[in-house]
Amino acid sequence: GTFQLAPVIPARELTPKKAAALHLLQNVMQQRCFDQLRTKELLGYKASCSHKAIRSRTYSTSYLHVLVVSGNYTAAYLDSRAMNFFKGYVAELVALSDEDFETSRSSLVKTTRNKPTKLSSEASGIWTEISQHTYSFNISEAKAQTLQSVTKEEVKEMLQETVLGSARRRVSLWYIGGGKPGPTSPEAKQKDPPQVVL
């Protein structure tokens, strides 16, 4: 099965600071997510964690995107293992040194400020701002400045509230193929049913 999990910041709650904190959370834990789900647990041949954002004049949201593709395990089981990783990562984030956190933040700020390497990419970005009537032509610099102000405590709160909190909003997409049924677990049986709540 293929499993995609997307903890979402609802549009009515989205602020530049929250979007930046979620992006920084993804940047801090993306390698650990791959190591745990792909390398250690061998859940599938693809495992990734990325940050996505949707912006328009009338609606904007930001979300964490976790993807696991497997030919051996059910989507329900993959869902349970991804959520188990998030729960266990809280302690790792608390233990993360200030130096490592700053390295990750500085790297993301630098990436955010990178200029387009192709004229077509720059034109596409400008046209997106025009077509969506947002006109934020300096959005990359604004994001970079906001990222610089995000603290480790704010990133931890983002993980605990938006990803794991009782009031969290998430989209869980399951793609069921014709492979083997895979194992089940108490966690998989007790998990929340797939839902789309924005």
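Trainee: Leaving aside its neighbours within four places in sequence, which residues is Leu25 in contact with?
Mentor: This is a predicted model, in which local features need pLDDT of at least 70 and side-chain atom pairs 80 or more, while totals for chains, interfaces and linings use all residues. Residues are numbered from 1 along each chain as its sequence is written, and side-chain values use heavy atoms, without hydrogens and water. With contact taken as heavy atoms within 4.5 Å, the partners of Leu25 are Leu64, Leu93, Val155, Met158, Leu159 and Val163.

Trainee: Which element supplies the largest share of the largest nonpolar core?
Mentor: Leu25 and Phe86 touch the most other members of this 35-residue core (buried Ala, Val, Leu, Ile, Met, Phe, Trp, Tyr and Cys joined through side-chain atoms within 4.5 Å; buried is under 20% relative accessible area, 1.4 Å probe, protein chains only). Among the elements that each supply at least two residues are β2 (46–54), β3 (61–69) and α2 (DSSP runs: helices H or I, at least four residues; strands E, at least two). The largest share, 9 residues, comes from α1.

Trainee: How are α2 and α6 oriented relative to each other?
Mentor: Their axes (fitted to C-alpha atoms over the stretch in contact, angles 0 to 180 degrees between N-to-C directions) come within 10 Å and cross at roughly 160°. Angles over 145 degrees count as roughly antiparallel. Helix α2 is therefore, relative to α6, roughly antiparallel.

Trainee: How many nonpolar residues does the contact of α2 with α6 hold?
Mentor: Residues including Phe86 and Leu93 in α2 meet residues including Val155 and Leu159 in α6. The contact has 1 polar and 2 charged residues (Asp, Glu, Lys and Arg are charged), and the nonpolar ones number 9.

How values were computed: Angles under 35 degrees count as roughly parallel, over 145 as roughly antiparallel, 65 to 115 as roughly perpendicular and the rest as oblique. Buried means under 20% relative accessible area, exposed over 50%, partly exposed in between (1.4 Å probe, protein chains only).
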